[in-house]
Amino acid sequence: MTSKLSMATREEAFRMALDSRTWGQGRSKRSGERFWIIRSRTEEGVAHWVAFDGRGCTCHGNRRNGDCAHAEAVRMRNAGEQYATRESTVSDPALGLVEAY
């Protein structure tokens, strides 16, 4: 997927991905699909649900633009995790982000 996000949004997504240890996890009762729960970066006390693979998010930006920093952060985290799996010297998926991006 080619991102239509601005560089500033991608940088914010990178910061969120590095902080992924603070994310919660959930599972849809209806479909069984897993999702991340990520704090809103603009609204205090609000969190957004993001598909585990970064396909979608419940935030306004994603509904409006079809992509957002939350979903990009998940995709970055996943890329870091895949890199960490390949490179056994990196034990923390967030650390792999530095190498993967």
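This is a short tour of a predicted model, stop by stop, with what to select at each one.

**Stop 1: the sheet**

Select strands S1, S2 and S3. They form an open sheet in the order S1-S2-S3, and the pairing is antiparallel. Look at the edges: S1 and S3 each pair on one side only. Ignoring direction, neighbouring strands are turned by 35° against each other on average.

Now keep S2 and S3 on screen. Five bridges join S2 and S3 in the antiparallel sense.

**Stop 2: the aromatic rings**

The structure holds three aromatic pairs. Start with Trp23 and Trp36. How are their planes set? The planes stand at 70° and the ring centres are 5.4 Å apart, so this pair is edge-to-face. An angle over 60 degrees counts as edge-to-face.

Next, trace where the two residues sit. Trp23 lies in the loop between helix H1 (7-18) and strand S1 (24-27), while Trp36 lies in strand S2 (residues 34-39). The pair therefore ties together parts that are 13 residues apart in sequence.

Are these two residues buried or exposed? Trp23 has 10% relative accessibility, so it counts as buried. Trp36 is buried too, with a relative accessible area of 5%.

Trp36 and Phe52 form a stacked pair, 4.5 Å centre to centre with 0° between the planes. Phe52 is in the loop between strand S3 (47-51) and helix H2 (60-65), 16 residues from Trp36. At 21% relative accessibility, Phe52 counts as partly exposed, because buried means under 20%. Show the three residues together: Trp23, Trp36 and Phe52 form one aromatic cluster.

**Stop 3: the largest pocket**

Select Arg41, Cys59, Gly61, Cys68 and His70. Of the 15 residues that line the largest pocket, these lie nearest its centre. The pocket holds about 180 Å³ of space. Which elements give two or more residues to its lining? They are H2 and helix H3 (69-86). The largest share, three residues, comes from H2. By class, the lining has four nonpolar, eight polar and three charged residues.

**Stop 4: the second largest pocket**

Move to H1 and S2. Each gives two or more residues to the lining of the second largest pocket. About 150 Å³ of space lies in this pocket. Select some of its lining residues, including Glu12, Arg15, Asp19, Ile38 and Arg39. The lining has four nonpolar, two polar and five charged residues.

Note on methods
Residues are numbered from 1 along each chain as its sequence is written. This is a predicted model: local features need pLDDT of at least 70, side-chain atom pairs count only at pLDDT 80 or more; totals for chains, interfaces and linings use all residues. Side-chain values use heavy atoms; hydrogens and water are left out. Rings of Phe, Tyr and Trp (its six-membered ring) pair if their centres lie within 6.5 Å; planes under 30 degrees apart count as stacked, over 60 as edge-to-face and the rest as tilted. Helices (H or I, at least four residues) and strands (E, at least two) are DSSP runs, numbered from the N terminus. Buried means under 20% relative accessible area, exposed over 50%, partly exposed in between (1.4 Å probe, protein chains only). Two strands pair if DSSP finds at least two bridges between them. Axes are lines fitted to C-alpha atoms, for helices over the stretch in contact, and angles run from 0 to 180 degrees between N-to-C directions. On a 1 Å grid over the protein atoms alone, a cavity is a set of points where a 1.4 Å probe fits but cannot get out, and a pocket is an open set with protein on both sides within 12 Å along at least five of seven lines; lining residues have an atom within 4 Å of a point. Grid points are joined across faces, edges and corners, and a volume is the space filled by probe spheres set on the points. Ala, Val, Leu, Ile, Met, Phe, Trp, Tyr, Cys and Pro count as nonpolar, Asp, Glu, Lys and Arg as charged, and the others, Gly among them, as polar.
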